[in-house]
Amino acid sequence: MNDGDFSQVLAQRLFEQRVVVLHGPLDDATASRVSAELMTLDAEGDTAVSLRIDSGDGSLALALTLMDVIELLGVPVHALCMGHVGGPAIGVLSVCSRRSSMPSTRFSLREPTTE
């Protein structure tokens, strides 16, 4: 099994467990993928969705869009912070109905870029 196949299997297993991962910079592709996964899980059931956040950079406009998606969902979104959370990801974290973090999570509050 190569790395691509393993990544797809892992992503599918997480999706089946109603887990969405926001990892890396919040760019167009990541925001689109996370939004689509959240909306799909909202349509498939009424149990809470877990959003795992490890994002330290990105666009404020994309974060605001993702925040709107989370607020419009009919299911609660529980955030678990891992690694580094900063910039626009702090806003995404703030709209989740329940927030928690791993002990080693680093938070950085700074002004996000507005591009």
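Predicted model: local features only at pLDDT ≥ 70, side-chain atom pairs only at ≥ 80, totals over all residues.

Residues are numbered from 1 along each chain as its sequence is written, and side-chain values use heavy atoms, with hydrogens and water left out. Helices (H or I, at least four residues) and strands (E, at least two) are DSSP runs, numbered from the N terminus.

**The sheet**

- An open sheet is formed by 4 strands, in the order S1-S2-S3-S5, with parallel pairing; two strands pair if DSSP finds at least two bridges between them.
- Strand S1 (19-23) and strand S5 (98-101) are the edge strands, each pairing on one side only.
- From one strand to the next, the twist averages 20 degrees; axes are lines fitted to C-alpha atoms, for helices over the stretch in contact, and angles run from 0 to 180 degrees between N-to-C directions.
- S1 is joined to strand S2 (residues 49-54) by 5 bridges, and the two run parallel. Opposite His23 stands Asp54 in S2.
- Helix H2 (residues 28-44) packs on the sheet and touches S1 and S2, its direction making about 165 degrees with that of S1. Contact here means heavy atoms within 4.5 Å.
- S2 also pairs with S3 in the parallel sense, over 5 bridges. In this pairing, Arg52 stands opposite Leu80 in S3.
- S3 is mostly covered, with 4 of its 5 residues buried; buried means under 20% relative accessible area, exposed over 50%, and partly exposed in between (1.4 Å probe, protein chains only).

**The nonpolar core**

- The largest nonpolar core has 27 residues. Such a core is a set of buried Ala, Val, Leu, Ile, Met, Phe, Trp, Tyr and Cys residues joined through side-chain atoms within 4.5 Å.
- The residues with the most contacts inside this core are Leu22, Leu38, Leu51, Ile53, Leu66, Ile70 and Val92.
- Two or more residues each come from S1, H2, S2, helix H3 (60-72), strand S3 (77-81) and helix H4 (89-94). The largest share, 5 residues, is from H3.
- Leaving aside residues up to four places away in sequence, Val92 touches Leu22, Leu51, Ile53, Ala63, Leu66, Met67 and Ile70.

**The largest pocket**

- The largest pocket holds about 170 Å³ of space.
- Its lining includes Ser7, Leu10, Phe15, Val20, Arg33 and Glu37.
- Helix H1 (3-16), S1 and H2 each supply at least two lining residues, and H1 gives the most, with 5 residues.
- On a 1 Å grid over the protein atoms alone, a pocket is an open set of points where a 1.4 Å probe fits, with protein on both sides within 12 Å along at least five of seven lines; lining residues have an atom within 4 Å of a point. Points are joined across faces, edges and corners, and the volume is the space filled by probe spheres set on them.

**Two residues to look up**

- Val20 lies in strand S1 and is buried, with a relative accessible area of 0%.
- Not counting residues up to four places away in sequence, Val20 touches Val34, Glu37, Leu38, Leu41, Val49, Ser50, Leu51 and Arg52.
- Arg18 is in the loop between H1 and S1, and counts as buried because its relative accessibility is 12%.
- Arg18 has a positive phi of about 65 degrees although it is not a glycine. Most residues other than glycine have a negative phi.
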